[in-house]
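Colleague: Could you take me through the surfaces in this model, with the criteria behind each term?

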Number of protein chains: 2
Amino acid sequence: MVVIDYKDTRPIYEQVVERFKTLILKGGLLPDEQMPSVRNLAMELSINPNTIQKAYAELERQGFIYTIKGRGNFVAGTEKLLSEKKKSCMEKILELVGEAMEYGITREEIIFSLQQMEG
Amino acid sequence: MVVIDYKDTRPIYEQVVERFKTLILKGGLLPDEQMPSVRNLAMELSINPNTIQKAYAELERQGFIYTIKGRGNFVAGTEKLLSEKKKSCMEKILELVGEAMEYGITREEIIFSLQQMEG
DNA sequence: TAAGTGTACTAATATAAATAATACACTTAA
DNA sequence: TTAAGTGTATTATTTATATTAGTACACTTA
């Protein structure tokens with residue numbers, strides 16, 4: 001399910017994060033399905049449990065999984081995941097727009113540019 | 001003109017960058033005015049010239065100064081600086097909006113949110 | 001051509017990130 | 001209630017990266 005590429009310069013925990021993000025987005029893991037336990041996966045990959053723990057913490061931060069202490073980690077529902085992504089993306093946009101307005105860009109200019117975008 | 005605070009945990013070059021950004025934005029240094037030479041300022045602060053070099057490279061990257069090889073570093077015109085800031089800010093916004101649309105947020109939703117913003 | 005300027009390359013050092021070792025705390029089922 | 005599963009927290013060690021320094025080079029002008 002997960003493999004570590006030691007020729008890859010990226011840290012192990014990052015490879016693990018990416019692998020699971022892909023699996024979850026592509027439907028290889030279904031909502032509420034249990035993730036491999038921290039210890040099991042660590043043993044399988046012959047690495048320290050804390051490295052998996054770090055990967056899972058990151059996946060949780062990004063909304064891909066949720067944790068129940070003492071029970072395990074589970075795949076988050078796709079709707080919830082999507083709505084979190086939308087929310088944080090929208091927040092970033094509004095923050096940047098605020099900054100842009102400090103530089104003298106008007107709301108109208110921004111809206112005009114959006115309407116010119118392809119897509 | 002510049003002081004290093006060794007109690008400050010930030011790197012020296014970063015303190016130098018910030019100091020000059022403030023000076024330029026507040027008008028303490030005027031457009032096309034010559035910056036202290038890399039060697040002079042380094043000697044004055046008793047640090048290595050490369051540290052100042054790094055600070056100046058960063059200031060140039062951010063559009064605050066421009067360099068003429070063999071002659072020196074000079075303060076960038078405020079209009080140019082502002083237009084660079086605007087440009088990069090606008091680019092970031094459009095990039096994020098593209099990402100948002102991948103998540104299913106519509107252009108209209110974004111425009112609506114902008115219009116709701118205070119300011 | 002000399003004395004000023006910035007630049008590039010390498011090495012040393014300091015700082016931060018990644019990983020591991022270990023002990024703790026929660027949950028469930030026998 | 002306890003054993004075996006789960007995640008968590010703390011600390012130490014290792015590794016990678018960022019910062020700074022040493023030094024030599026190249027451009028500009030008077």
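Modeller: Ala, Val, Leu, Ile, Met, Phe, Trp, Tyr, Cys and Pro count as nonpolar, Asp, Glu, Lys and Arg as charged, and the others, Gly among them, as polar. This is a predicted model, in which local features need pLDDT of at least 70 and side-chain atom pairs count only at pLDDT 80 or more, while totals for chains, interfaces and linings use all residues. Residues are numbered from 1 along each chain as its sequence is written, and chains are lettered from A and ligands numbered from 1 in the order in which they are written.

Colleague: By class, which residues does the surface near DNA strand D have?

Modeller: A residue is near a strand if its C-beta atom, placed from the backbone, lies within 6 Å of it. Among the 24 residues around DNA strand D, A:S37 and B:I12 are two of those that come nearest. By class, this surface has 7 nonpolar, 5 charged and 12 polar residues.

Colleague: Which element gives the most to the surface near DNA strand C?

Modeller: Helices (H or I, at least four residues) and strands (E, at least two) are DSSP runs, numbered from the N terminus. Elements giving two or more residues there include α1 (12–26) of chain A and β2 (72–75) of chain B. The most, 4 residues, comes from α3(A).

Colleague: From which element does the largest share of the side of chain B that touches chain A come?

Modeller: With contact meaning C-beta atoms, placed from the backbone, within 7 Å, 23 residues of chain B and 22 residues of chain A take part. On the chain B side, α4 (78–102) and α5 (107–116) give two or more residues. The largest share, 13 residues, comes from α4(B).

Technical notes: Two residues are in contact if their C-beta atoms, placed from the backbone, lie within 7 Å.
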